[in-house]
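Please look at the model before reading on.

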Amino acid sequence: MSEALCDLPARELVRLLKAGQVSAVEVLESTLQRIEAVEGRAPSSAPYRQEPADLEKIHAYITLTRDRARAQAEAVDRALAAGEDPGPLAGVPLAVKDIFCVQGTPSTAGSRILENFIAPYTATPVERLEAAGAIVVGKVNLDEFTFGSSNESSAFLPPPGNPWDPRRVPGGSSGGSAAAVAAGEATLSLGTDTAGSIRQPAAFCGVVGLKPTYGRVSRYGLIAFASSLDCPGPIARDVEDAALMLQVVAGSDARDATAARVPVPDYLAALEKGVKGLRIGLSPDYFHLKYPDPESGELREQPINPEVEAAVRRAADLLADAGAEIVDDVPMPNTRYGIPVYFVISRVEAASNLHRYDGVKYGYRFDGPVQDLRDLYRKTRGRGFGLQPKLRILMGMYVSAEQYEKGYYERALRVRTLIRHDFERAFDRAGPYRLDCLLTATTPDTAFEIGAVYGDSVLMQYADLLTVPADHAGVPGLSIPAGLDSNGLPIGIQLLGPDFSEATLLRVGRAFERATEGEAWRQAKPKVLQGI
Amino acid sequence: MSEAITSHIFNHLVELASLELSEEEAEYLRRELNGQMKAIRELEAIQIADDVPITSHGVTYTPEISAPLREDRSEPWPGADDILAGAPQVEGRYVVVPDIPHEDLS
């Protein structure tokens, strides 16, 4: 297979563009051709019946913004011709998770209730990416309102397939993002992570996903799920492209009070510095923990998939060879409570955030007869929301209602403090471990088959078991590909660091890439690209 | 273990949430809620010292890194027509809703 423009890294596209060797329009056309080749039938909200061909294609895009993209690409080419600097991401094709508002585009959140919503403004991170010259190719699929770990809960079906095996899920909720990037349907994607929604799909699809520190990237224009947890961040094919993208989106924003006023470092400057002298921890609490048995669904103590564990331990060995100091047996005892805490906190916040969808101001409205306004709310929300939003709203109501809650919400917020303390102790410069980062698996297992878990909301939630603690703690997490399992499916490993330590995580990730660049799995291509 | 969320409680939650559900949906949702409660109940067993505060965001927002409060003044939005165009039912520049439930006090 010869490498098409759509398969090149963002930085290489920018270099070729600035050297006048390719045009932004050519890069866009290459991407649109790839979309044509691998995408299959477009997801829609019509009643869905799976067809065999659906399990061979990607179905990542809910909306393709071809005209808008062409106009942007032409503007980049004009700027180049006029000798102007078109920006650090000039001409780079970008897929935006359809949870971000982009002015003039349908912004659906994967839900019928927003199916006809045209955003009147653009989210800050998208605005910054466009200002840097990136070309928005379209809006990609996700779990409805980001509620899920497989992308199957979207109102727009077929669900995205995993490019490595389209009968399997790409993960979620940023499933369309990770699948599109892995299949060359976009060079970069902007995702969001609330419990692992950037890192888990990145791991399943063999790409790089970075959940920045909470507050590192503005949430303005992000359709809210759990406001104390939601983090926008990059999905890319390698660490350097993720660094390049974070550089553009990071930083404070007058329109988001939680976007922290912390200077943005040069993420590329330290990338090649290696890991000599860095302390990298391994924790038994990320290798062996309580989660549902895939057969019975019962919660029990069990180890993660041995192939995934082996990939983590091998990465530790390679990083040690590269000069890092590996610290074993770092206790993270509250990791196992991440999901129960999440079941409470995220539901309370989701129920609150989803009250705004009422059929009055925007979005779907039930158009049959209604008795009064309250009846309109019930009928609109009953038909507009899918099962997963309903489940989250009802749980949020239950655990926050004074007569039922038995202190669950406050208790969850206090256990969240204990989870945060685990990280603070591990990273404390004066403490016993003094870690620069923790190395773990991203997911307990590799990608599962479409339909294998969906419907069991407890088992599905536990797909985020190893990612959700970082969301509770607010700390950054980077998932990078670390090999393929015996079924040829990508394995992801995760680096977790102190607040605002993205530069260090990227540096360690890059060191791992260098240590493994000659390995055979790095040459392997996703199944959907074979024969193209 | 008895069900945390009985039909009675479930119906109350559905009313609070303003959701009209089919029987099939209600059955699925109540079963899943009770399944999730089994996981949530793990939290009851955790020993938490009395001095452990709540965490509302993972990251600690010190004054140095927090955004300053904006001046409290209105700013006209340039795209009001676009916003109105998104409303399901309008008359002129008003958003239309059905009757609002009320009681006559006369």
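The sections below take these topics in turn.

## Basis

This is a predicted model, in which local features need pLDDT of at least 70 and side-chain atom pairs count only at pLDDT 80 or more, while totals for chains, interfaces and linings use all residues. Residues are numbered from 1 along each chain as its sequence is written, chains are lettered from A and ligands numbered from 1 in the order in which they are written, and side-chain values use heavy atoms, with hydrogens and water left out.

## Salt bridges

Over all chains there are 43 salt bridges (a side-chain nitrogen of Lys or Arg within 4 Å of a carboxyl oxygen of Asp or Glu). One of them joins Arg168(A) and Glu449(A), with an N to O distance of 3.9 Å. These two residues are 281 residues apart, Arg168(A) in the loop between β3 (135–140) and α5 (175–182) and Glu449(A) in the loop between β11 (437–441) and α13 (457–461) of chain A. Helices (H or I, at least four residues) and strands (E, at least two) are DSSP runs, numbered from the N terminus. Arg168(A) is buried at 14% relative accessibility, whereas Glu449(A) is partly exposed at 41%. Here buried means under 20% relative accessible area, exposed over 50%, and partly exposed in between (1.4 Å probe, protein chains only).

Within helix α12 (residues 408–427) of chain A, Arg425(A) and Asp422(A) lie 3 residues apart, about one turn of the helix. Their salt bridge has its closest N and O atoms 3.2 Å apart. Asp422(A) is buried at 2%, and Arg425(A) is partly exposed at 37%.

## Residues of chain B

Ser66(B) sits in the loop between α2 (23–40) and α3 (80–85) of chain B and is buried, at 19% relative accessibility. A polar atom of its side chain lies 2.7 Å from the backbone oxygen of Thr62(B). Apart from residues up to four places away in sequence, Ser66(B) touches Arg261(A) and Tyr61(B); contact means heavy atoms within 4.5 Å.

Pro88(B), in the loop between α3 and β1 (90–91) of chain B, is partly exposed at 32%.

Technical notes. A polar contact is a pair of N or O atoms within 3.5 Å; within protein, one must be able to donate a hydrogen and the other to accept it, and residues adjacent in sequence count only if both atoms are side-chain atoms.
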